[in-house]
Amino acid sequence: MSRSVKRAGISLAAVAVLVAGAAACQSGDSKKAADAPKRAAGQSSAGDARMALQAAYRKTSAAKSAKVTMKMSMPSAAGAGAGDMEMTGVQSWNPAAMDFTTSAAALKGKPGAPDKVRTVMVNNVMYMDLGAEAARSHDGKRWMKMDLGAFAKDAGGDAMAQQLTGGAQNQDPAQQLALLTDSPNVKHLGSEQIDGAPAEHYKGTLTLEEMVAGNQGLDGLSAQERQKFIDGMKTSGIKGYDTELWINKAGYPVQMNVGIDTPQGKISMSAHYSDYGTKNTVQAPSAGDTYDFTEMMKGLDKGDAA
């Protein structure tokens, strides 16, 4: 397999990992969300907003799946994952799974790279259909397999692995609602039109400390690993993020915008949800149709070129 095609696959893998890592910052704690009405009792409009978000959390959690269109923009200084990316497909939670088709700026100009890539995630393992060029170099196998936990552990140790796999498990709208419910300054901004229908607009912000406190993806870390992760986040210059959410008349979130300010620029994500409760048909490709990302990296490191 040529180096250019390999690097195209690696670039897209980097983008996918960035998405999982960013989404991990959105993972919430459902127990905290369940306690929200008690905290909100007797409070002002902020408490009313929390109660509305809690009601939406319950409905969304019970739905367990939805159709999603997600757009993400990474600053140019982000490296391999820089530029715009759009993913459309089906997502489920409890259990977590995704089946998305992705188009990304990271693929443009890469010889042999497909224009769009179908990505399936099941049990913290990501499978990416890298197209006909990849298949010719891997005995007809189009799907590259990447174990997020193993990949992150090799790249950044246990803390990184816990963060990415936690993000993969919890990047659903229900958990995003749970975390936003914990924002100390969540506000109701009024009613607006989304997709031609009325929806209630909410906004909240979280500091790094609040974000870490509510991040379920870090629960399995030791105290030392947790502090190492927090120190790394602080060193990166990330102080927190803003979230805007629109909930429709049926009580489901229909749009969520997230902005994270970093020294390299702003990371922006916008997710649009529909068809809650859609049937979960996400399945991993057969083992005979996949090749392993780690083994491909080893071949690249050895200077292997076809």
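Reader: Which residue stands opposite glutamate 244 in E10?

Author: Two strands pair if DSSP finds at least two bridges between them. Strands (E, at least two residues) and helices (H or I, at least four) are DSSP runs, numbered from the N terminus. Here, asparagine 257 in E10 stands opposite glutamate 244. E9 and E10 pair in the antiparallel sense, over seven bridges. This is a predicted model: local features need pLDDT of at least 70, side-chain atom pairs count only at pLDDT 80 or more, and totals for chains, interfaces and linings use all residues. Residues are numbered from 1 along each chain as its sequence is written, and side-chain values use heavy atoms, with hydrogens and water left out.

Reader: How many residues lie between the strands in the hairpin of E9 and E10?

Author: Four residues lie between them. Glycine 251 in this hairpin takes a positive phi near 95°.

Reader: How do E8 and E9 pair, and what is the bridge partner of threonine 207?

Author: E8 and E9 are antiparallel, with nine bridges. Threonine 207 has glycine 240 in E9 as its bridge partner.

Reader: What is the order of the strands in the open sheet?

Author: Start with a general point. Side chains in a regular strand alternate between the two faces of the sheet. In this structure, twelve strands form an open sheet with mixed pairing. Their order is E7-E8-E9-E10-E11-E1-E2-E3-E4-E5-E6-E12. E7 and strand E12 (290-292) are at the edges, each with a single partner strand, so one side of each lacks a neighbour in the sheet. On average, neighbouring strands are turned by 20° against each other, direction ignored. Such angles run from 0 to 180 degrees between N-to-C directions; axes are lines fitted to C-alpha atoms, for helices over the stretch in contact.

Reader: Which strands does helix H7 touch?

Author: Contact means heavy atoms within 4.5 Å. Helix H7 (residues 173-181) packs on the sheet and touches E2, E8, E9, E10 and E11. The direction of H7 makes about 115° with that of E9.

Reader: Where are lysine 64 and aspartate 195, and is each exposed or partly exposed?

Author: Take the cut-offs: buried is under 20% relative accessible area, exposed over 50%, partly exposed in between (1.4 Å probe, protein chains only). Lysine 64 sits in the loop between helix H4 (45-63) and strand E1 (65-74). Lysine 64 is partly exposed, at 42%. Its phi is positive, about 70°, although lysine 64 is not a glycine. Aspartate 195 lies in the loop between strand E7 (187-194) and strand E8 (197-207). Aspartate 195 is exposed, at 62%.
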